[in-house]
Amino acid sequence: MKPVRAAVHRKGRRFCHVQVASGLKVHTAIVELVEREVLPGTDVAAGQFWSGLAALQEEFGARNDALLEKRAALQAQVSAYHREHQAGGAAVDPAHYRAFLERIGYFRSAEEPAAMGPAATDPEMAEVPAPQLVCPVDNARYIVNAANARWGSLLDALYGTDVVP
């Protein structure tokens, strides 16, 4: 597919986009980066990459837009809370603030457990015996530690060599 150049105006600025596939418009700098730096050596053709990205946009674009709208609505509520409760430099009551965040759906209380099941488990995790750690999914540090226990630390592997002077 031959790219079609299009000028797009947004907030008074001029951006040059290229239509790469199925109506997908991408900034020329991103197109150049992907096609000159990222794709070479991957056996993925530019057309295949952009068509795949367009398909992802088609499949998840509406959901992503809805999530962005929800984020904007939550941010507006949080900002309004702070304007109202911190007028004149007043301190925010942490318990009241937490209850507010839970009430608007910003986060769930700890009483609601995370639901996980084996249906979408990666085959390597489900079928290959190896050390595994059970850890809470709401703490990224524990997840990283579990991954390191399972596959070894990339950082440890790197510094265990003479690659880094």
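Modeller: Let's start with a term we'll need: a residue is called buried under 20% relative accessible area, exposed over 50%, and partly exposed in between. Phe107 has a relative accessible area of 28%, so Phe107 is partly exposed. Keep in mind that this is a predicted model.

A search of the whole structure turns up five aromatic pairs. Tyr81 and Phe100 make a stacked pair, with 4.4 Å centre to centre and 20° between the planes. This pair ties together distant parts of the chain: Tyr81 sits in helix 2, Phe100 sits in helix 3 (residues 94–103), and they are 19 residues apart. Tyr81 is buried, and Phe100 is buried as well. Now back to Phe107, which pairs with Tyr106 in an edge-to-face arrangement, 6.4 Å centre to centre and 75° between the planes. Tyr106 has 47% relative accessibility, so Tyr106 counts as partly exposed.

Tyr81 and Phe100 belong to one aromatic cluster together with Tyr97. As background, nonpolar side chains in soluble globular proteins tend to be buried together. Here the largest nonpolar core has nine residues in all: Val18, Val20, Leu24, Val26, Val31, Val34, Leu39, Trp50 and Ala54. Strand 2 (13–21), strand 3 (24–27), helix 1 (28–38) and helix 2 each supply at least two residues of this core. The core with Phe100 is a second, separate one of six residues, and among them are also Leu74, Val78 and Ile104.

Leaving aside its neighbours within four places in sequence, Leu24 is in contact with Val18, Gln19, Trp50, Leu53, Ala54 and Gln57. Phe60 is found in helix 2, which covers residues 46–85. With 37% relative accessibility, Phe60 counts as partly exposed.

Glu102 and Arg98 are four residues apart in helix 3, so about one helical turn separates them. Glu102 is partly exposed because its relative accessible area is 30%. Arg98 is partly exposed too, with a relative accessible area of 41%.

Now for the bigger picture. The protein has six helices and three strands, and from the N terminus on the elements run β-β-β-α-α-α-α-α-α. Buried residues make up 14% of the 165 residues. The accessible surface comes to about 13200 Å², and 57% of that belongs to carbon and sulfur atoms. If you look at contacts with a separation of 6 or more, residues 24 or more positions apart account for 20% of them.

A few single residues are worth a stop on the way. His17 is found in strand 2, and at 16% relative accessibility His17 counts as buried. His17 and Ala29 are twelve residues apart in sequence, while their C-alpha atoms are 8.7 Å apart in space.

Asp43 lies in the loop between helix 1 and helix 2. Most residues other than glycine have a negative phi. Asp43 has a relative accessible area of 79%, so Asp43 is exposed.

Further along, Val134 lies in the loop between helix 4 (123–127) and helix 5 (140–151). At 87% relative accessibility, Val134 counts as exposed. The C-alpha atoms of Val134 and Ala146 are separated by 7.7 Å, with the two residues twelve apart along the chain.

How values were computed
Residues are numbered from 1 along each chain as its sequence is written. This is a predicted model: local features need pLDDT of at least 70, side-chain atom pairs count only at pLDDT 80 or more; totals for chains, interfaces and linings use all residues. Side-chain values use heavy atoms; hydrogens and water are left out. Buried means under 20% relative accessible area, exposed over 50%, partly exposed in between (1.4 Å probe, protein chains only). Rings of Phe, Tyr and Trp (its six-membered ring) pair if their centres lie within 6.5 Å; planes under 30 degrees apart count as stacked, over 60 as edge-to-face and the rest as tilted. Contact means heavy atoms within 4.5 Å. Accessible areas come from the Shrake-Rupley method with a 1.4 Å probe; for residues, only the protein chains shown count as cover. A nonpolar core is a set of buried Ala, Val, Leu, Ile, Met, Phe, Trp, Tyr and Cys residues joined through side-chain atoms within 4.5 Å.
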